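The points are numbered and may be read alongside the model.

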Amino acid sequence: MRIVVLSDIHSNLNALEAVLSAVGAADAVWHLGDTVGYGPQPQAVVDRLRAVGALGVRGNHDDAGGGGCIEFFNPDGYRAMEWTRTQIDEPTRLYLAGLPERRTPEGSGFTLAHGSPSDPIWEYMDSPEVAQANLAAFATPYCLVGHTHVPLVFRESRGRMKAMHVDQGRLGLDGRRMILNPGSVGQPRDGDPRSSYMVIDTNAAEATWHRVEYDIGATQAAIVAAGLPPHLARRLSFGR
Ligand code: ZN
């Protein structure tokens with residue numbers, strides 16, 4: 001089985017389309033939340049994900065888009081979320097609100113969460129200490145998370161979780177416990193502005209990370225045209 005793993009699309013339809021056309025045929029699409037927020041096409045992004053039958057979990061921006069708490073956002077995120085709420089129809093709001101915080105596709109060996117398995121909506125999986133503290137919070141060999149917008153793996157070695165950078169690399173899924181982050185489709189923050197995503201090949205028992213260029217200028221123009229904070233457009237050029 002070939003499974004495409006997407007995270008933090010953030011209403012960036014151009015980026016999502018570039019990734020979907022780069023991956024070609026897949027047996028499943030999984031998303032790790034934050035489908036909306038920051039970007040200019042929330043409705044179209046959710047429609048596209050639903051059209052490809054994506055299986056997903058709820059991020060902090062999905063939660064807010066579905067009617068949940070908006071108070072924790074920074075000013076740009078807050079402004080974009082207020083706008084997002086005016087741009088989505090009721091079925092989309094219900095879809096966002098109804099995304100589970102975690103899911104474990106049957107027989108897959110993977111647990112999916114946006115932030116972390118123990119605090120799925122908000123915790124940032126950004127250090128070996130956080131990864132270590134989360135080992136007891138999932139029962140499968142592997143856990144997939146997003147939220148930091150940085151492709152990264154934490155892998156268990158002699159009982160300790162160690163961070164591994166995975167820049168467009170591959171990693172064998174050899175049964176050692178791992179927490180894997182595909183990076184962000186719609187707002188990368190590792191200094192590379194190209195969309196980041198991951199592919200799991202269950203036959204080869206490996207995960208691979210990929211980058212693809214998309215029309216950043218078109219997304220930036222749409223952000224400005226929507227009246228969203230210009231910083232949200234500028235940062236896409238730098239992957240920050
Ligand atoms: Zn995000």
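Predicted model: local features only at pLDDT ≥ 70, side-chain atom pairs only at ≥ 80, totals over all residues.

1. Geometry of the zinc site. Which atoms coordinate the zinc ion? They are OD of Asp 8, NE2 of His 10, OD of Asp 34 and NE2 of His 149, at 2.0 to 2.5 Å. The angles among the four donor atoms run from 85 to 170°, and the site is irregular. A tetrahedral assignment would require all angles to lie between 85 and 135 degrees.

2. Asp 8 is buried, its relative accessible area being 0%. His 149 is likewise buried, at 2%. The backbone of each deserves attention. Most residues other than glycine have a negative phi. Asp 8, in the loop between β1 and α1, has a positive phi of about 50° although it is not a glycine. His 149, in the loop between β6 and β7, also has a positive phi, of about 65°, and is not a glycine either.

3. The structure holds four aromatic pairs. In one of them, the ring centres of Trp 30 and Phe 110 are 5.8 Å apart and the planes stand at 70°, so the pair is edge-to-face. This pair links distant parts of the chain, with Trp 30 in strand β2 (residues 28-31) and Phe 110 in strand β5 (residues 110-113), 80 residues apart. Trp 30 counts as buried at 4% relative accessibility, and Phe 110 is buried with a relative accessible area of 3%.

4. Tyr 142 counts as buried, at 7% relative accessibility. Trp 30, Phe 110 and Tyr 142 together form one aromatic cluster.

5. A charge over a ring. The charged end of Arg 177 sits over the ring of Phe 138, at 4.2 Å from the ring centre.

6. The largest nonpolar core. How many residues does the largest nonpolar core have? It has 27, and those with the most contacts inside it are Leu 6, Ile 9, Leu 16, Val 19, Leu 49 and Tyr 197. Two or more residues each are contributed by β1, α1, α2 (42-51), α4 (75-87), β11 (195-201), α7 (216-225) and α8 (230-238). Helix α1 gives the largest share, six residues.

7. Leaving aside neighbours within four places in sequence, the contacts of Ile 9 include Leu 16, Val 45, Leu 49 and Val 185. Asp 34 is also among the contacts of Ile 9, and Asp 34 is one of the residues that coordinate the zinc ion. A second, separate core has 20 residues, among them Ala 28, Tyr 142, Val 153 and Leu 180.

8. Asn 181. Is Asn 181 buried or exposed? Asn 181, found in strand β10 (residues 178-181), is buried, with a relative accessible area of 4%. Not counting residues up to four places away in sequence, Asn 181 touches Val 145, Gly 146, Thr 148, Val 150, Pro 151, Leu 152 and Trp 209. The C-alpha atoms of Asn 181 and Ala 207 are separated by 11 Å, the two residues being 26 residues apart along the chain.

Terms used:
Residues numbered from 1 in each chain as written. Heavy atoms only, no water. Donors = N, O, S within 2.8 Å, 3.2 Å for Na, K, Ca; no water. Tetrahedral: all angles 85-135°; square planar, octahedral: opposite > 155°, others 65-115°. Buried < 20%, exposed > 50% of the residue type's maximum accessible area, 1.4 Å probe, protein only. Phe/Tyr/Trp six-rings, centres within 6.5 Å; stacked < 30°, edge-to-face > 60°. Helix = DSSP H or I, 4+ residues; strand = E, 2+ residues; numbered from the N terminus. Lys NZ or Arg CZ within 6 Å of the ring centre and 35° of its normal. Core = buried A, V, L, I, M, F, W, Y, C linked by side-chain atoms within 4.5 Å. Contact = heavy atoms within 4.5 Å.
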